[in-house]
Amino acid sequence: MMSDEGKLFVGGLSFDTNEESLEEAFSKYGTIAKVDVIRDRETHRSRGFGFVTFENPEDAKDAMAAMNGKSVDGRMIRVDEAGKPGGRGGGFRGGASGGRGGGFFRGGRGRGACEPRGLGDRSYGSSSYSSGGGYYNRDNRLVNAQWF
C-alpha cells in the first residue's frame with residue numbers, strides 16, 4: 001500500500017484550474033513529485049478538487065499551512081492532508097447498496113443518503129433495495145418513493 005505522506009488534498013478548485021496552474025501555486029513550498037486534478041470520466045471537466053504530492057513531507061505541511069484559504073484561479077481553496085479520516089466530510093454515501101452513514105442530502109443518522117424519509121433502519125432483506133430516493137422490490141418496480 002502506498003503512503004500518503006507528503007500528499008495534500010486540495011478542494012474548492014476552479015473548473016479552469018489544471019495541473020500546471022496548481023503546480024505553479026504550490027511549487028514555491030518545495031519540490032513537487034506529482035499533481036493531479038480529478039476530472040469527470042465522461043466530460044473530462046475538473047470535479048473541483050485535486051492532489052499535490054511533495055517529495056518532502058515537511059514541505060507539504062508548510063504548503064498546507066500557507067495555502068489553506070488562499071485564492072487559486074479566483075477561487076478560495078481548502079488544503080488538507082490526503083487520506084486523513086474525516087477531513088472532508090459530507091459526500092455521497094448511498095446508492096443501490098443502501099449504504100449507511102448520513103449522506104449530504106439530510107445528514108441524518110441511521111438513514112442512507114438516498115433512503116426515503118420515515119423508513120428509518122427498517123430492513124427489507126433481499127427482496128428490496130434502496131436507490132435514488134425510493135425502494136425497488138424484487139420485480140425492479142419502484143415502491144415508496146419520497147423525494148426530499
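The largest pocket in this structure has a volume of about 150 Å³. The model is predicted.

**The largest pocket**

- The lining of the largest pocket consists of D4, E5, G6, K7, L8, P57, A60, K61, E81, A82, G83 and K84.
- Two elements, strand 1 (7-11) and helix 2 (57-67), each give two or more residues to this lining.
- Helix 2 provides the largest share, with three residues.

- Four strands form an open sheet in the order 2-3-1-6, and their pairing is antiparallel.
- Strand 2 (32-39) and strand 6 (78-81) stand at the edges; each has a single partner strand, so one side of each is left without a neighbour in the sheet.
- On average, neighbouring strands of this sheet are turned by 20° against each other, direction ignored.
- Strand 1 and strand 3 (residues 46-54) run antiparallel and are joined by five bridges.
- F9 has F51, in strand 3, as its bridge partner.

**Residue S21**

- S21 lies in helix 1, which spans residues 19-26.
- The relative accessible area of S21 is 19%; because buried means under 20%, S21 counts as buried.
- A polar contact of 3.2 Å links the side chain of S21 to the side chain of D73.

Note on methods. Residues numbered from 1 in each chain as written. Predicted model: local features only at pLDDT ≥ 70, side-chain atom pairs only at ≥ 80, totals over all residues. Heavy atoms only, no water. 1 Å grid on protein atoms, 1.4 Å probe; cavity = no way out; pocket = protein on both sides within 12 Å on 5 of 7 lines; lining within 4 Å. Points joined across faces, edges and corners; volume = space filled by probe spheres on them. Buried < 20%, exposed > 50% of the residue type's maximum accessible area, 1.4 Å probe, protein only. Polar contact = N/O pair within 3.5 Å; in protein donor to acceptor, adjacent residues only side chain to side chain. Pairing = 2+ DSSP bridges. Axes fitted to C-alpha atoms, helices over the stretch in contact; angles between N-to-C directions.
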